[in-house]
Amino acid sequence: MAHKDSAAVPVKDARIMVIGGASLVGSATVDELLARGAREVVIFDNLSFGGQPNIAHLDGNPKVKVVQGDILKLHQLLAATEGVDGIVHLAAYMTLNFDRDPWGGIDVNVRGVQNVLEACRANKVRKLIFSSSNAVYGYGPGVKGDLVEDTPFHAAGAPPAAILYGASKIMGEQLCRDSFRKHGQDYVVLRYSTVYGERQHYRAANALYIVETHDAIKRGERPKVIGDGSETKHFVYVGDLARANIMALEAPATDVAVNTSGPEPVTTLELVKLVAELSGRPDLQPEHVQPDPTKVRLTSGGAFEIVHKAAKDAIGWEPQVTMREGLRRLLAWRDAATN
Ligand SMILES: NC(=O)c1ccc[n+]([C@@H]2O[C@H](COP(=O)([O-])OP(=O)(O)OC[C@H]3O[C@@H](n4cnc5c(N)ncnc54)[C@H](O)[C@@H]3O)[C@@H](O)[C@H]2O)c1
């Protein structure tokens, strides 16, 4: 990891752009940037995933500018990044979208990142925070134990779309490194684990365990658990990531990639039982079912933990919100949204 005095971008009074700002993580990050006193927050998003409701609460806020633009159109990025101090880049296709549309995934997750880096170079944007994923460690039997930043990528035995997604994030990270090496572009890569929280969507394969369980319980049905439910998942609360994005901008760190995961992993059975309990229906016992072969499923070779110690060392970040508290907030948001 390199340190340069110039790599810190204090958020207060700065102009920060959030690319993919109408996303789950983006909308939380925009709120946090405003709370920390940013002069202006530019949301750059093509709204192709229907994210308009995620930013509707910002309508009329004089400190927020919404640019409906596409990262595949370099001229739009070049125009929008003029005078921007720092960027949080979140626009991406995840596994399920990659499965439906590999062309879109390759374009947005690879070429799109290079376009963002080119706009940073052209307009002298001081720092880029790139949202990567624990998918860079891969999936399937090879994934188990402690996942640390130099854990290798495992592809064998995992669904193609998950591996394509992970590989696209590896390419995105390497494009950042390449730009640092060639142009001195400061950046921090944050490898998020599975995100959950307010404004949760149905696009992330692991978070489906939460939202589908909650939906089943609301219908009065027993929630489903695949197999014996001993599979590990490691989540992180969206508000903790909003904080991580800001800490990464403000830290002197550059040219580094770190894991940002929640306090501890859970098993799918623990997760489903916790959602049932927090939904007021602990009596609805999970039904154990076989996996649906038509659906993409993210598996590992056994119990694992995504270690976030390096994030503390590089940017001073640690997760704060427990799974129980984060789930309580997510379920309260979902209940309010449907009432
Ligand atoms: N959600 C998770 O569980 C998770 C886990 C690990 C990493 N990540 C990464 O975090 C980031 C944010 O995830 P999220 O779940 O908040 O995202 P999301 O799916 O909610 O939103 C992605 C946003 O990108 C926008 N977008 C897509 N293509 C675009 C284009 N060509 N130009 C401009 N905007 C475009 C969409 O309109 C959408 O608002 C992504 O990079 C994702 O890969 C997410």
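Predicted model: local features only at pLDDT ≥ 70, side-chain atom pairs only at ≥ 80, totals over all residues.
Residues are numbered from 1 along each chain as its sequence is written, and side-chain values use heavy atoms, without hydrogens or water. Local features need pLDDT of at least 70 and side-chain atom pairs count only at pLDDT 80 or more, while totals for chains, interfaces and linings use all residues.

Me: How many residues of strand β14 are buried?
Reply: Let's start with the terms: strands are DSSP runs (E, at least two residues), numbered from the N terminus. Buried means under 20% relative accessible area, with a 1.4 Å probe and protein chains only. Strand β14 covers residues 256–260 and is mostly covered, the buried count being 4 of its 5 residues.

Me: Which residue of β14 is the bridge partner of Tyr192?
Reply: Two strands pair if DSSP finds at least two bridges between them. Strand β8 (residues 186–192) pairs with β14 in the parallel sense over 5 bridges. For Tyr192, the partner in β14 is Thr260.

Me: How far is an oxygen atom of the ligand from an N or O atom in the side chain of Tyr165?
Reply: Good one! A polar contact is a pair of N or O atoms within 3.5 Å. For Ser131, the distance from a ligand oxygen to a side-chain N or O atom is 2.9 Å. For Tyr165, the corresponding distance is 2.7 Å.

Notes:
Buried < 20%, exposed > 50% of the residue type's maximum accessible area, 1.4 Å probe, protein only. Polar contact = N/O pair within 3.5 Å; in protein donor to acceptor, adjacent residues only side chain to side chain.
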